[in-house]
Amino acid sequence: MKKYLMPAFLLLCALTFCRGNDNLNYNIAVLGDIHFDDWKYHDMSKIKHLGIPQSKHVYNKDGYYSWRNHSLWTEINKGGSVEKNTPLNMKMWQKYLPDLLNAAAAKAREVNARYAFQLGDMIHGDCYTLTLHKSNLQDSLKQLTSRFDKVLVVSGNHDTRGTDGRRAWNEVINPHLDKTVENLNRKNSNYSFTIGKDLYLFYDVMNVDVEFFEKAVKANPGRRYTFFISHVPLLPTGKHAVRSILSDDITRLFNLLESCNAIIISGHTHKISMVEYFDKDSKRRMSQFIINSTVRFPDKQLEFKESVPGKDAFAANAGKSKELWNKFYKGKVKTKLHSNGSGYGILRVTDKGVFMDYRNISQNKVYTYKLR
């Protein structure tokens, strides 16, 4: 009997080692905005008759621009973004997005990706009824789950946009998350989990709960890397992009993520960008990578060229935007990449660092960026 115990013991040790090593070195597929859309998801008779509630600019308690603007409706827009963008969204889904998702899924299988992250704006929103909004979310999610083993999504500014959008998200997406992640820690549409000693924070920019993330960080003191997954970026690519960053409870959230030396993965801007943050006094650093997967403008997005913007003299950087820039970012952020493109990434998390392998939709080439 003893002669069988030793091989069994060694096998158990080997399996334990392999599993532990899996938590040190693993891959995640990453997709940006995909805006799954069709006329059938919008009640156009109501939209044209009643309009879609929109808002003027609103500000958070810190006095900065808030991305939760469509939750504070102040004016009516007859059609607007649906009539303008739905044809563009449909065309890219008919011609480009299936191939992009298929390529990403094939690579995810090749590298045994642990998850596929979709970075928000999975749909366009503005459906006008609960039934249509749920149908839009369900069909978009099916486009992903039919290709990837485990799909996690973060809520973007379009995903809950319009009548009963928040309720639709809660009824469709939250149950999917609950059954997809074994060690999920979720409160409403914000959630966190760990892979080994790495902490992942998924932040809903339209339903801000900084206290939830503070508790998640406190509950994981032995973190190796802290990843912040948000549809809207935390770090701007320059003065002109300050209004494109998240800004609800920004002082509190920024301080938390800076203390974690966070790695930020975002979408929203429909660009491919990388920004590094470093504070010489505190020695704190953050890295951010933005991915886009829309192909609304093929002439710009089918090709990708590594580029960095030149000197920015954008006149609109004034008032609170200028104050925000000076308080958090001036002299501390460096844009390493900011370009048109559309594709997907493979996030490679290793004991030697964190890397993003980016592939554009029409190019058989990988661009690798070191995030940590």
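## Surface and overall make-up

The chain exposes about 16,900 Å², and carbon and sulfur atoms supply 51% of that area (accessible areas come from the Shrake-Rupley method with a 1.4 Å probe, and for residues only the protein chains shown count as cover). This is a predicted model, where local features need pLDDT of at least 70, side-chain atom pairs count only at pLDDT 80 or more, and totals for chains, interfaces and linings use all residues. Residues are numbered from 1 along each chain as its sequence is written, and side-chain values use heavy atoms, with hydrogens and water left out.

You'll find ten helices and 16 strands in the chain (DSSP runs numbered from the N terminus: H or I with at least four residues for helices, E with at least two for strands). Of the 372 residues, 55% count as buried (under 20% relative accessible area, using a 1.4 Å probe and protein chains only). Take the contacts (heavy atoms within 4.5 Å) between residues at least 6 apart in sequence: 74% of them join residues at least 24 apart.

Helix 6 covers residues 165–180, which makes 16 residues. From first C-alpha to last it reaches 22 Å, close to the 22 Å expected at 1.5 Å a residue (the expected span is 1.5 Å times one less than the number of residues). Still, helix 6 bends by about 30 degrees at Ile173, and a proline, Pro175, follows within four residues. That bend is the angle between axes fitted to the seven residues ending at a position and the seven starting there.

Ile173 is also one of the buried residues of helix 6, along with Gly165, Ala168, Trp169, Val172, Asn174, His176, Leu177 and Thr180. Their cover includes helix 5 (130–145) and strands such as strand 4 (115–118) and strand 7 (190–195).

## Strand 15, wrapped up

Now for strand 15 (residues 353–360): eight of its eight residues are buried, so it is largely enclosed by the rest of the structure. In a regular strand the side chains alternate between the two faces of the sheet. Here, Gly353, Phe355, Asp357 and Arg359 are buried on one side, and Val354, Met356, Tyr358 and Asn360 on the other.

## Its two neighbours

Strand 15 runs antiparallel to strand 14 (residues 343–350), joined by eight bridges (strands pair if DSSP finds at least two bridges between them). Val354 is the bridge partner of Val349, and the two strands form a hairpin with two residues between them.

Strand 16 (residues 367–370) is also antiparallel to strand 15, with four bridges. Phe355 stands opposite Lys370 in strand 16, and six residues lie between strand 15 and strand 16 in their hairpin.

Technical notes:
Buried < 20%, exposed > 50% of the residue type's maximum accessible area, 1.4 Å probe, protein only.
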